[in-house]
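Let's take a friendly walk through a protein model together. Have a look at the fold, and then we will follow its strands and helices.

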Amino acid sequence: MNIKDIAKLAGVSASTVSKIVNQKDQSISKETRERVLKIVKEYNYTPYASANTSSSKSWIIGVLLKSSASLNTTLDGIIQTAQGNGYSTLVFNNYSDKDQELKNITSLCKQNVDGVIWEPLTEQSLSFATYFKDASIPLLTVGPNGGKHAICFPYEEAAYQITQELIDQKHSQIACLLSKGRRTSAFLEGYKKCLFDNHMKLDKELIFDELNDNLAQKLNNRQITGVVSSHYHKALEFYQLVNTLSYKIPEDISLISLKSDHTEPLTFSELSEISTYAIQNTDFGTYVGNQLIHRIEQNKQKSQPFAQAFHLNNRTTISLPFNLNIPRLTVVGSINIDTYLTVPKLPNSGKTVSISSSSIQPGGKGVNQSIGAAKLGHRVGLIGNIGSDLDADYVYSALNQYGVDSLGIKRRPHTDTGKAYIFVAANGHSTISILPGANGIFTPEDIEEKKELFENAGYCLIQSEIPLDTVAKACSLAHEYGAKTIFKPSAYGKIPENILSLVDILIPNEDELNELCPEFSSIEEKANFLLNYGIQTIIVTLGEQGCYVKTIDWAKYFPAADFPAIDTTGASDAFISALASYLLYGYSLKAAVRIATYAAGFCITRDGVVASLIDRHSLETYIKQKEDGLIKK
């Protein structure tokens with residue numbers, strides 16, 4: 001820092017600065033004198049005549065930091081190395097202030113240090129390097145803003161490897177959590193490069209700088225199975241978010257983070273430790289300190305670049321993706337476009353009713369149940385038929401939105417997608433008329449073509465809005481692959497014995513039960529008779545009265561959840577998808593039935609079916625408030 005620099009900063013001439021520092025300032029105002037002297041002190045300016053021109057070593061190393069935590073234990077490594085080689089350490093911190101950075105630089109130059117380790121605040125800060133050059137002080141820069149010769153910690157490599165850890169565990173929906181800091185940009189690049197090298201598409205919506213509602217929504221929609229975090233404190237915050245959403249790590253979501261080598265305390269008693277790669281900052285500091293000392297002492301020995309061997313310290317928070325940890329659900333059933341018609345009363349023969357509103361949505365029991373189970377956290381595959389019309393695209397879009405595997409859907413040429421016309425009265429009751437379309441030509445051969453979708457299926461949900469020979473084929477294949485069958489006998493009166501004998505859980509409503517067993521008078525007698533076919537469980541849904549469950553060992557009535565009825569159309573689909581979901585999660589039949597009654601209750605409070613199907617977090621949060629002991633297996 002010379003006299004011209006001081007004059008420029010003070011907004012005066014060089015001669016004015018000279019007069020003031022040499023106490024020849026009688027003609028200069030008090031305000032100007034104080035302003036100039038303040039800058040002279042801040043930037044440690046010394047007139048050339050009195051400058052220390054000694055060329056002897058000071059045995060002092062200067063360290064310039066950009067923030068209090070910017071180097072972590074790196075500073076320990078620098079100091080230990082300096083002291084071990086007979087040097088003292090003079091440390092300055094600019095606390096992310098550019099003006100303070102320049103002041104610290106000029107102060108170090110004044111101290112006649114033998115060398116400087118500098119972490120520039122920005123790339124523009126490198127213009128200040130001329131001060132060290134003019135003072136013939138050896139300089140070593142570190143960090144991402146230190147220029148092309150800077151020494152940087154291999155954060156990119158660390159991020160690449162922890163991302164690869166999740167990919168090796170078969171994760172494909174991996175989110176990246178970032179915190180602001182010197183490792184951020186390199187960490188992001190490593191994450192991106194790993195995805196690219198594994199031929200995985202980068203989804204920018206899975207990169208998060210903060211834990212926001214968008215992240216929570218993607219977790220609820222099961223669009224994320226694994227997370228990598230640039231900083232340990234961010235990983236702890238994420239763990240807390242997952243807890244509030246009623247998910248578990250690693251059963252539902254895997255988590256890996258970078259962690260500095262200094263101790264970072266856990267804040268959750270139920271968490272032993274997060275799976276991490278430890279950043280050896282002390283080793284990095286030792287390396288940087290040695291590099292500067294070699295430069296100061298003009299050691300010609302060729303040095304190797306800094307490297308760290310990364311390894312996972314534990315596997316506590318890593319697992320296979322949730323959808324590979326537990327069996328999947330396979331749904332075989334109808335695919336429709338539903339037209340909802342709101343009327344004051346359901347139409348009767350010979351009477352005309354006025355329609356107050358209408359809407360069109362994807363539907364059919366196959367679609368409804370598959371989306372319902374997907375929203376409750378399961379990997380779901382749907383097998384069915386659609387037409388070659390534009391409605392088919394609408395169906396695909398809806399299934400993709402909720403993550404339902406649509407590989408089992410066959411597009412039929414020269415055929416329309418099935419249609420359902422649903423009249424919904426003011427009291428929430430409804431009647432449905434169906435135009436089968438492609439559902440009517442859904443054949444056993446179509447099922448055979450997609451039989452791989454039965455692999456690793458825990459339950460197969462089947463409905464009779466499709467041909468009965470196709471139903472029989474689905475039941476048979478499900479058992480062949482070890483899946484239990486849940487059957488909803490809709491649209492047909494009598495169901496053949498060969499189908500009933502292949503059903504594990506039968507779920508009729510009261511009208512459907514009467515058609516199956518017209519020869520008995522009571523619900524209990526009818527249910528007991530159906531057990532003779534080998535059916536393990538009969539669940540009769542009774543609308544506002546709840547449901548009746550009959551097994552070989554016990555029978556019980558379960559009350560309905562108390563919700564106002566707006567549209568009861570999808571209640572049974574919500575019930576069935578929730579029942580299957582929680583049985584697959586390992587809950588007892590009684591607990592799963594209770595949970596299913598709540599899912600059905602939520603469904604009837606809104607118009608339409610798909611939009612009314614509840615997600616797992618919302619369902620479990622509500623039930624915990626109502627019945628704390630229910631959400632237990």
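Start at G62, whose bridge partner in β3 is V116. This is a predicted model, in which local features need pLDDT of at least 70 and side-chain atom pairs count only at pLDDT 80 or more, while totals for chains, interfaces and linings use all residues. Residues are numbered from 1 along each chain as its sequence is written, and side-chain values use heavy atoms, leaving out hydrogens and water.

Strand β1 (residues 60–65) and strand β3 (residues 115–118) run parallel and are joined by four bridges. Two strands pair if DSSP finds at least two bridges between them; strands (E, at least two residues) and helices (H or I, at least four) are DSSP runs, numbered from the N terminus.

Now widen the view: four strands form an open sheet in the order β2-β1-β3-β4, with parallel pairing. At the edges lie β2 (88–93) and β4 (139–141), each pairing on one side only. From one strand to the next, the twist averages 15°. Angles here run from 0 to 180 degrees between N-to-C directions, and axes are lines fitted to C-alpha atoms, for helices over the stretch in contact.

Which strands does helix α4 touch as it packs on the sheet? Helix α4 (residues 74–84) touches β1, β2 and β3 (contact means heavy atoms within 4.5 Å), and its direction makes about 175° with that of β1. Helix α5 (residues 98–110) also packs on the sheet, touching β1, β2 and β3; the direction of α5 makes about 155° with that of β2.
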